[in-house]
Amino acid sequence: MYINGSDNIVDVVNSTISGNYVNASTSHGAIHNHNSDATLSISNSLVWGNMTLNEVTLSVSGSYSASYCLMEGLNPSGTGNLDGTDNANDPSFVTAVNPSTEAPTASGDFRLNGNSVAVNAGDNSAAVVLNYDVSGDSRVSNSIADLGAYEYSGPYVSAVITSNV
């Protein structure tokens, strides 16, 4: 995401930013706020599985705030943020992508598995901005909003069935 313009106010709410690759020697990241007059606010969001040559997730010239977010490689101040420098906080997408070999792509499945740290980790007051997730499911399905574009609504199980007949 590239933000460029003076006096811009950008709110990123219940979003998943993943599967991107910036092939540049600059410090641009998955989110780049280029203008020092711009304000970026991120809430209930996941920024994970992106890659730049400088391994930067977020580069900001202006101001930014984050609340109830998980951003790979970052542990931002703010309410409810999860530590993205701790590998145990991987969001556990149903099908993650490897940004070094597959990005840019939209081929991943960025729904959350039931064991994800992002399930029930959001802020309901931010979630009411959007009543439904990107799949059309109710935004708050288990009394607390999830982080990211998808609200977890049930087990995602893949199984191999064999028969010994």
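F93 is buried, at a relative accessible area of 7%; buried denotes under 20% relative accessible area, exposed over 50% and partly exposed in between, with a 1.4 Å probe and protein chains only. F110 is also buried, at 12%. The model is predicted, so local features need pLDDT of at least 70 and side-chain atom pairs pLDDT 80 or more, while totals for chains, interfaces and linings use all residues. Residues are numbered from 1 along each chain as its sequence is written, and side-chain values use heavy atoms, without hydrogens and water.

A search of the whole structure gives one aromatic pair. The ring centres of F93 and F110 lie 5.2 Å apart with planes at 85°, so the pair is edge-to-face. Rings of Phe, Tyr and Trp (its six-membered ring) pair if their centres lie within 6.5 Å, with planes under 30 degrees apart counted as stacked, over 60 as edge-to-face and the rest as tilted. F93 belongs to strand β10 (residues 93-95) and F110 to strand β11 (residues 109-112), 17 residues apart. Helices (H or I, at least four residues) and strands (E, at least two) are DSSP runs numbered from the N terminus.

L147, in the segment after α2 (124-127), is buried with a relative accessible area of 0%. Its contacts (heavy atoms within 4.5 Å) include N44, S45 and L46. The C-alpha atoms of L147 and N44 are separated by 4.6 Å.

In strand β6 (residues 39-47), seven of nine residues are buried. Strands pair if DSSP finds at least two bridges between them. Strand β6 runs parallel to β9 (residues 63-71), with eight bridges.

Notes: Lists of a residue's contacts leave out its neighbours within four places in sequence.
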